[in-house]
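Thank you for making time this morning.

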Amino acid sequence: MERYNKITNKNPREIVLLKGKPCAWGKCRFCDYIDDNSRDIDTINDLNYEILSRVTGELGVLEVINSGSCFELPKETLKMIKDIIIEKQIHRLFFEAHWMYRKHLQKMREYMGIPITFKIGVETFDRSFREDYLNKHANFDSPEEVRRYFDSPCLMVGIKGQTKEMIDYDIQMLKMHFELGTVNVFTNNSTDVKRDPELVDWFMNKYAYLLEDPSVEVLYEKTDFGVGD
């Protein structure tokens, strides 16, 4: 599994895929990504030290992802990240967190000491599909509510049961309320959630312009950031 890469086309940054403790929610219907975790803190920290040692700071921006939220990284790993920020003169950090951690984001910003762009896996702003089918456990009612806490939503498109109208609304809300966002085209995995090829083709045709939009990153494959497997 690749765990380090440099992103140079949009929002240039280094990105690392670290290992964390088990996802605190861990019940999203579509997700098998959470299998990349451990309860052995020493093993986690040893691996994360090795990955973080590759960070050069040349782009001044670092994104840290793991199989859950940044709050599930061990405190020793968080200290490593903080030390690298200082040593490599990083001036912006990208983290991701679940909705359940929304009241803790400011504490993390204060701890790291630099601006943090917090991503959140929204998947869709359609509450019924998000909660009743995807089981996201993120019970917000509106994009405005998300924006009060988070900077950059991650949407998911191309799922059987999703509609064109849902996707249109999601993209509209992303562009209206947020300066940055990510759109993940769903890829079949070990779960029972399935990709809708016709919906994917429609999305890639209608929203092809997003590929040139500097504020939106479209991930056609889950490894398009150059990390994972």
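Predicted model: local features only at pLDDT ≥ 70, side-chain atom pairs only at ≥ 80, totals over all residues.

Which strands does helix H3 lie across, and at about what angle does helix H3 run to S5? Helix H3, residues 105-112, lies across S4 and S5, and its direction makes about 150° with that of S5. For angles, axes are lines fitted to C-alpha atoms, for helices over the stretch in contact, and the values run from 0 to 180 degrees between N-to-C directions; contact itself means heavy atoms within 4.5 Å. Helices (H or I, at least four residues) and strands (E, at least two) are DSSP runs, numbered from the N terminus.

Residues are numbered from 1 along each chain as its sequence is written, and side-chain values use heavy atoms, with hydrogens and water left out.

Now to the sheet, where 8 strands form an open arrangement in the order S1-S2-S3-S4-S5-S6-S7-S8, with mixed pairing; two strands pair if DSSP finds at least two bridges between them. Strand S1 (4-7) and strand S8 (216-219) are the edge strands, each pairing on one side only, and the twist averages 20° from one strand to the next. Within this sheet, strand S3 (residues 61-65) pairs with S4 in the parallel sense over 3 bridges, and leucine 62 stands opposite leucine 93 in S4.

Let me turn to the aromatic rings, of which the structure holds 11 pairs. Rings of Phe, Tyr and Trp (its six-membered ring) pair if their centres lie within 6.5 Å, and planes under 30 degrees apart count as stacked, over 60 as edge-to-face and the rest as tilted. Phenylalanine 95 and phenylalanine 118 have ring centres 6.3 Å apart and planes at 40°, so this pair is tilted. Phenylalanine 95, at 1% relative accessibility, counts as buried, as does phenylalanine 118 at 0%; buried means under 20% relative accessible area, exposed over 50%, and partly exposed in between (1.4 Å probe, protein chains only). Elsewhere, Trp99, Phe125, Phe140, Tyr149, Phe150 and Phe178 form one aromatic cluster.

One member of that cluster, phenylalanine 140, also has arginine 130 over its face, at 3.7 Å from the ring centre. A charge sits over a ring if NZ of Lys or CZ of Arg is within 6 Å of the ring centre and within 35 degrees of the ring normal.

Finally, a search of the whole structure finds 18 salt bridges, each being a side-chain nitrogen of Lys or Arg within 4 Å of a carboxyl oxygen of Asp or Glu. In one of them, arginine 29 meets aspartate 192 at 3.0 Å, N to O, and the two partners are 163 residues apart in the chain. Arginine 29 is partly exposed at 33%, and aspartate 192 is likewise partly exposed at 46%. Lysine 79 and aspartate 83 also form a salt bridge, at 3.0 Å, but here both residues lie in helix H2 (residues 75-87), 4 residues apart, which is about one turn of the helix.
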